[in-house]
Amino acid sequence: MKTFLKTTVKNTLLSASLATALLATSGLFAAEYAIDKKGQHASIQFKISHLGYSWMVGRFNDFDGSFSYDEKDKAASKVNVIVNTKSVDSNHAERDKHLRSDDFLDVEKFPQAKFESTKYTEGKDGKATLIGNLTLHGVTKEVIVAVSQVGAGKDPWGGFRRGFEGTTRIALKDFGITKNLGPASAELDLIFNFEGVKK
Amino acid sequence: MLKNTTVAFGLISKTLHWSMAVILVGLFAVGLYMTDLDYYDALYHTLPWWHKSFGLLVMALLIIRYIWKRLNPEPQALTSHKNWEVFLAQFIQKLFYVLILLIGLSGYFISTAKGKGIEFFGWFEVPAITQAIEEERADLVGEIHQVLAITLIVLAVLHAAAALKHHFIDKDETLNRMINK
């Protein structure tokens, strides 16, 4: 009896570790991609209304991240991006200085913004919904990003690439940025274009 | 009398002194005011434009003033002034020139940090000499501009207080020399 119990426990432990190993292995099928920062096939832009009369488009030049994508288990896909807020660029020295100040991004206090996905659901047409936590200006909030997969395949240099574009709309005050830019400019669109190179 | 003599300031020196004094105090006041304006304020774009034009003007005046000073005899300090007073006054005067130069340069770098020039009263554009300054440095330059400007104004207040002390308490010619024809 005692021996039997011992064996059972041993077997349970064994199967448990085997299961873990299998899970880990199945995790390996999900390909990991590094965002192609080096080749600059990636961008983070923002688009905000100017007085309600036109769109002002700016960008963050410095960011890094990676994503995983499993063709067999798309829901397991994940993405993580870290943005250097100091790199905000609207092609206007004084405005960029103002955007870095405590009226807006407060880059001294909050040098990083980040996005961590929590859920990904992709339809058959490549259109997907990505839910994740966006940390901006020290505030973390859940955002829903409309994603579409642009394409995937071999590149001419022996690698494998996959690219997505995504957009989401956020309200500045939700992230504690209270500077009043007028009623037309309370919200802005974030536009992501990421090409990943398979690791 | 346009030129200085060893006992008096000429008209050009006096004009440079007072015009720069007025412009610099104005730049300081406008500088403090305009950086806190709301985006919807009617002056949000106009005040910085004037600030930059007058800033460039004061830089030009500084260069002219320095050259003029070198071309002219130096009016000697009043004999009633003590040695330390003369030394301090001369030191502060040099410090003024250096501060104005540095404030002007830092202001120039704030506006040209992305390689765009600065308009001079809509007349012509002073080009940028830099293509792009790093963000950290651009923000540091902004802080330097502010701190130096405050330093300049504090020293200017002391400078004015000293002039008034000479005029009303010592009843000497110090202030009159900078005013009278």
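**Exercise 1.** Which side chain meets Lys74(A) in a salt bridge?

*Solution.* The model is predicted: local features need pLDDT of at least 70, side-chain atom pairs count only at pLDDT 80 or more, and totals for chains, interfaces and linings use all residues. Residues are numbered from 1 along each chain as its sequence is written, chains are lettered from A and ligands numbered from 1 in the order in which they are written, and side-chain values use heavy atoms, without hydrogens and water.

Step 1. A salt bridge is a side-chain nitrogen of Lys or Arg within 4 Å of a carboxyl oxygen of Asp or Glu. The partner of Lys74(A) is Glu122(A), at 3.7 Å from N to O.

Step 2. Lys74(A) lies in the loop between strands S4 (63-69) and S5 (78-84) of chain A and Glu122(A) in strand S7 (residues 112-122), so the pair ties together parts 48 residues apart in sequence. Helices (H or I, at least four residues) and strands (E, at least two) are DSSP runs, numbered from the N terminus.

**Exercise 2.** Determine whether Asp96(A), the salt-bridge partner of Lys114(B), is buried or exposed.

*Solution.* Step 1. The closest N and O atoms of Lys114(B) and Asp96(A) are 2.1 Å apart. This pair crosses between chains, with Asp96(A) in helix H2 (residues 93-100) of chain A.

Step 1. Buried means under 20% relative accessible area, exposed over 50%, partly exposed in between (1.4 Å probe, protein chains only). Asp96(A), at 0%, is buried; Lys114(B), at 30%, is partly exposed.

**Exercise 3.** State how many salt bridges the structure holds over all chains.
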